[in-house]
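Colleague: I would like to learn how to read a structure like this one step by step. Could we start with a pair of helices and then move on to the strands?

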Amino acid sequence: MYRRLLLLLVAVAAIVSQQAQAQLLWKVTSPSSGKTSYLFGTHHVAPVTVLDSIAAFRPAFEQAEMIVGEMDMAQATSPAGQQTLALAGMAPADSTLNRVLAPEQLDSLGTMLTRYVGQGIPLEAFYGVKPALVSTMIAMAQAQAAFPDFDPGKQLDSYIQQQAVAAGKKVEGFETVEQQAAILFGSPIAEQAADLMKAIRLDDEAIEVSRRLASLYVKGDLDGILELMNDPSFGFSDAEADRMLYARNESWVKILASMLPTASVLVVVGAGHLGGPRGLISLLRSHGFDVTPL
């Protein structure tokens, strides 16, 4: 659960500071063509009004010829995309929740789901889905409980892409819906179940973690965000960091290295992908791009 919660990188629009503006939006200049592109660090439960507090975002958006996100959100929300995600979240017949969790663990899960989902849905309705899907639902509910101004109908990444389409700009994703589904739900069921039980044990701490992430985000503290994401108490293991962050960054920068010399691009990805020696800022610089804060 914490792994997914940490990827959400909660923020509150009303208190985004000038420092956050300087560190969340970056200008990227191609060494070969001089083309200017932009890199924006977002998170997946921020209110869209966060953009109003970043003065340089709108000019960057207007100049960009295309938007590139973690995936094309229109594909993810299409009937086919939703079916792909739903199927990926279904548990194998021999690994349903009532088979991988002990009765007392199911009781604890039922209590937690009542807290976040309500009493209208029986626990048995969740038996057929993977533990990772339940963890993701709980993480989203916890983040929204901490920051009720978030409107799920106006998710920031989707909103930026929708604005791009309305402006006649091209939208692309680094990953397909199938790849995203594998990232979210592809780990071993036993590992997912362990993560889910950890989420239950640490439930009371989850909102505080969200607040800590919010503080780091509004300060634009990319190194602090990455440090929290890799905290051994509730963050990534080394293997998980490689799979969830660094391998993806390395794949994405290869795409950008060939794309940015020929087009002005606004890259919009989770802020956790930006910082550190294996983050996109450092990787782009290693490919010769000039990357400076706006």
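Predicted model: local features only at pLDDT ≥ 70, side-chain atom pairs only at ≥ 80, totals over all residues.

Colleague: Now the strands, please: how do strands of a sheet pair?

Modeller: The general idea is that strands of a sheet pair through backbone hydrogen bonds, in either a parallel or an antiparallel way. In this model there is an open sheet of six strands, which follow the order β4-β3-β5-β2-β1-β6 with mixed pairing. Its edge strands are β4 (170-175) and β6 (290-293), each of which pairs on one side only. On average, and with direction ignored, neighbouring strands of this sheet are turned by 25° against each other.

Colleague: In what sense do β1 and β6 pair, and over how many bridges?

Modeller: Strand β1, made of residues 25-29, pairs with β6 in the antiparallel sense over four bridges. Within that pairing, Lys27 has Thr292 as its bridge partner in β6, while the partner of Thr29 in β6 is Asp290.

Colleague: How many bridges join β1 to β2?

Modeller: Five bridges join β1 to strand β2 (residues 36-42), and the two run antiparallel; Leu25, for instance, has Phe40 as its bridge partner in β2. β1 and β2 form a hairpin with six residues between them, and in the turn you will find Gly34, which has a positive phi of about 80°.

Colleague: Which residue forms a salt bridge with Lys35?

Modeller: The general idea to hold on to is that a side-chain nitrogen of Lys or Arg must lie within 4 Å of a carboxyl oxygen of Asp or Glu. The structure holds eight salt bridges, and in one of them Glu65 is joined to Lys35, with the closest N and O atoms 3.0 Å apart. Glu65 lies in the loop between α3 (57-63) and β3 (66-71), whereas Lys35 lies in the loop between β1 and β2, so the pair ties together parts that are 30 residues apart in sequence.

Terms used. Residues numbered from 1 in each chain as written. Heavy atoms only, no water. Pairing = 2+ DSSP bridges. Axes fitted to C-alpha atoms, helices over the stretch in contact; angles between N-to-C directions.
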